[in-house]
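Colleague: I have the model open and would like to go through it with you. Shall we begin with the strands?

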Amino acid sequence: MAARVAAGPLNAATEFVAGAGGIGHVALTSKNPAKLRSYYATLLDARLTDLIDESIQGVKLRIRFLRVNERHHSVAVAATRPLGLDPIRTRVQHVNSQVAHLEDLTASRARLLQLGFGMALEVGQHTNDRELSYYAITPSGFEWEVGWNALTVDEDSWAPTLHHGISTWGHHPTIGLGGKVRQASSALRSLARREITVEPLSTSDVAADEAAIDKVHALAPRLECRQRKDP
Ligand SMILES: [Fe+2]
């Protein structure tokens with residue numbers, strides 16, 4: 001594939017939000033989300049910020065958002081329900097970079113389109129961290145989310161909440177029929193694939209973890225948001 005490189009830097013503010021919150025977040029898919037959460041809890045003292053239940057193309061997803069600092073989440077773990085599948089070509093579903101100015105988001109989106117990169121999800125706003133973002137498709141197959149204006153967590157007052165749907169508006173998928181077929185075949189192949197876990201670093205009580213999540217689901221106010229409609 002020919003390199004698609006811009007001639008020069010963007011004429012926008014071009015400032016990333018990092019510092020105490022780190023450089024952004026990563027979203028992973030897993031067939032064993034409780035164990036993966038246990039891994040991050042052991043390794044990084046990751047706490048549950050909130051949950052999102054979503055239905056995409058008829059597949060039910062539950063996403064756990066984990067924080068390790070003031071950033072709403074540094075790791076998101078997505079899993080299909082009730083059967084554990086992995087419909088993603090790469091295990092990293094997306095990587096997020098947060099920009100400081102809305103102009104950075106709009107200018108970078110325009111440049112990506114100008115250079116011919118695909119857009120997985122168009123501009124929209126998330127239900128939980130309120131971040132405005134779009135998702136571009138990288139040549140490696142994972143998505144790159146560029147976001148702006150995500151909220152931060154006050155550790156003393158935050159309580160996990162359940163959201164329905166990942167977006168309050170936008171984030172319309174642009175995946176075509178070919179992409180849907182590739183996702184379905186990847187999901188089926190994943191049934192036969194063993195997911196490697198790091199047992200010595202996955203020592204948090206998995207059963208207690210899942211019970212806590214069920215409690216969140218039972219007690220948390222159901223923040224009704226529009227379920228994303230596929231085209
Ligand atoms: Fe994200």
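Colleague: How many bridges join β5 to β8, and which residue stands opposite asparagine 96 in β8?
Modeller: This is a predicted model, and in it β5 and strand β8 (residues 143–148) run parallel. They are joined by 6 bridges.

Colleague: Do β1 and β5 run parallel or antiparallel, and which residue of β5 is the bridge partner of leucine 28?
Modeller: Strand β1 covers residues 25–29 and strand β5 covers residues 92–99. The two run antiparallel, with 4 bridges between them. Leucine 28 has its bridge partner in β5, and that partner is valine 92.

Colleague: Which residue of β4 is the bridge partner of alanine 27?
Modeller: β1 is also joined to β4, by 4 bridges, and these two strands run parallel. The bridge partner of alanine 27 in β4 is alanine 76.

Colleague: How many bridges join β3 to β4?
Modeller: β3 and β4 run antiparallel. One of the pairs is isoleucine 63 with its partner in β4, alanine 78. The number of bridges joining β3 to β4 is 7.

Colleague: How many of the residues of β4 are buried?
Modeller: Across the chain of 231 residues, 28% count as buried. β4 is mostly covered. Of its 7 residues, the buried ones number 5.

Colleague: Which elements give two or more residues to the largest nonpolar core?
Modeller: The largest nonpolar core has 15 residues, and those touching the most other members are Tyr40, Ile63, Leu66, Ala76, Val77 and Ala78. The elements giving two or more residues to this core are α1 (33–44), β3 (59–67) and β4 (75–81).

Colleague: Which residues does alanine 76 touch, leaving out those up to four places away in sequence?
Modeller: Alanine 76 is among the residues of the largest core that touch the most other members. Leaving out residues up to four places away in sequence, alanine 76 touches His25, Ala27, Ile63, Arg64 and Phe65.

Colleague: What does helix α2 span from its first C-alpha to its last?
Modeller: Helix α2 (residues 102–114) has 13 residues. At 1.5 Å a residue, 18 Å is expected, and the span in the model is close to that. From first C-alpha to last, α2 reaches 19 Å.

Colleague: Why does aspartate 45 count as exposed?
Modeller: Aspartate 45 lies in the loop between α1 and β2 (47–56), and its phi is positive, near 55°, although the residue is not glycine. Aspartate 45 counts as exposed because its C-beta neighbours inside 10 Å number 11.

Colleague: Is histidine 171 buried or exposed?
Modeller: Histidine 171 sits in the loop between β10 (167–170) and α3 (177–190). Its phi is positive, about 55°, although histidine 171 is not a glycine. A residue needs 20 or more other C-beta atoms within 10 Å to be buried. Histidine 171 has 21 C-beta neighbours inside 10 Å, so it counts as buried.

Colleague: Over which residues does pLDDT stay under 50?
Modeller: The mean pLDDT of the chain is 83, and 78% of its residues reach 70 or more. Where pLDDT is low, the predicted coordinates should not be read in detail. The stretch where pLDDT stays under 50 is residues 224–231.

Terms used: Residues are numbered from 1 along each chain as its sequence is written. This is a predicted model: local features need pLDDT of at least 70, side-chain atom pairs count only at pLDDT 80 or more; totals for chains, interfaces and linings use all residues. pLDDT is the predictor's confidence in each residue, from 0 to 100. Two residues are in contact if their C-beta atoms, placed from the backbone, lie within 7 Å. Two strands pair if DSSP finds at least two bridges between them. A residue is buried if 20 or more other C-beta atoms lie within 10 Å of its own, exposed if 12 or fewer, and partly exposed in between; C-beta atoms are placed from the backbone. The expected span of a helix is 1.5 Å times one less than its number of residues. A nonpolar core is a set of buried Ala, Val, Leu, Ile, Met, Phe, Trp, Tyr and Cys residues joined through C-beta atoms within 7 Å.
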